[in-house]
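Good morning, colleagues. Please have the sequence and the structure in view.

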Amino acid sequence: MAGNDQEGAAAQHWDPQRYNKNAGFVAELGAPLLDLLQLRAGERVLDLGCGEGALTARLVDAGAEVVGVDASPDQIAAARARGLDARVMSGEALTFDGDFDAVLSNAALHWMLKPDAVLQGVARALKPGGRFVAEMGGHGNVGAILDALMVALEARGLDARSANPWYFPTPEAYQSKLEAAGFSVDSIALIPRPTPLPGAIGGWLETFAEAFLKQVPPAERDGLIDAVAERLRPQLCDSEGNWTADYVRLRFAARLAD
Ligand code: BEZ
């Protein structure tokens, strides 16, 4: 998913074709969220950070009335081309008011660097008793990849920390934000999930780490990707050349009072 918001991923351009090639697995791995959602036929659901709409389409197939929102116009165009009700909207400035029985979000919240604004908007979008079910990158997510990016950029005299577009909270930190926004939390947990990639790590970096890559001039980007890949190879690539990303998910189910 590509729920990027201004600060988190202003530097990130979402190309639906590149996304499908390097990140088609994202919607596939979001399937457990559908179980957690316990959808009832006819419910109105908001897919927050819907990207090109693969999981949104599954919700529609399961009988929900679904609106998808994403800050990327390119991803929303791709979602609309599937016939979905998809709208360009920042997750940090949701405009809904008591419209939904549930909000679902997969692999998008970690791009939103104003989590309190997001959670207030989600709470406002829900009807009383509404559910919020989501999965995002959690504390320690892509730790090896982040370290390698930091080392490679710092070796070039650049400040990688300020380029970081991601927010990977602990369960404790996110639970207190959920509660401050009026939710009670039914479950929240960190789930380490090493994730096999469909190609080499370079494709992942180009798809998701543009904010870091943009710190160097275009002519130097391939060299930066090679340096990051070589640092990661012993940890994330097996002897047959298969790459695995060191994902750690934060998955939760929360609800508003009736
Ligand atoms: C994730 O889904 O955890 C993720 C995706 C892209 C960048 C960072 C994290």
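Predicted model: local features only at pLDDT ≥ 70, side-chain atom pairs only at ≥ 80, totals over all residues.

**Helix packing and the ligand site**

Let me begin with helix α7, residues 115-125, and helix α9, residues 171-180, whose axes come within 9 Å and cross at roughly 45 degrees.

I turn next to helix α8, residues 143-155, and helix α12, residues 221-236. The axes of these two helices come within 9 Å, and the crossing angle is roughly 140 degrees. Roughly antiparallel would require an angle over 145 degrees, and α8 and α12 are therefore oblique to each other. The crossing of α8 and α12 is again a right-handed one. From α8, the residues in contact are A144, I145, A148, L149, V151, A152 and L153; from α12, they are L224, V228, R231, L232, Q235 and L236. Eleven of the residues in the contact of α8 with α12 are nonpolar, one is polar and one is charged.

Helix α12 has a further partner to consider. Helix α10, residues 201-208, packs with α12 at an angle of about 125 degrees, the axes being 10 Å apart. That angle makes α10 oblique to α12. The handedness with which α10 passes α12 is right-handed. I201, G202, L205 and E206 represent α10 in this contact, while α12 contributes I225, V228, A229 and L232. Here the division is six nonpolar residues, one polar and one charged. Please note V228 and L232 of α12: they meet α8, and they also belong to the contact with α10.

Finally, the ligand. Which residues are around the ligand? They are A107, H110, W111, G137, N141, W166, F168, W204, F208, Y247 and R249. For N141, an N or O atom in the side chain is 2.7 Å from an oxygen atom of the ligand. For R249, a polar side-chain atom lies 2.6 Å from a ligand oxygen atom.

Technical notes: Residues numbered from 1 in each chain as written. Heavy atoms only, no water. Axes fitted to C-alpha atoms, helices over the stretch in contact; angles between N-to-C directions. Helix = DSSP H or I, 4+ residues; strand = E, 2+ residues; numbered from the N terminus. Near = heavy atom within 4 Å. Polar contact = N/O pair within 3.5 Å; in protein donor to acceptor, adjacent residues only side chain to side chain. Parallel < 35°, antiparallel > 145°, perpendicular 65-115°, else oblique. Left-handed = near helix turned anticlockwise from the far one by under 90°. Contact = heavy atoms within 4.5 Å. Nonpolar A, V, L, I, M, F, W, Y, C, P; charged D, E, K, R; others polar.
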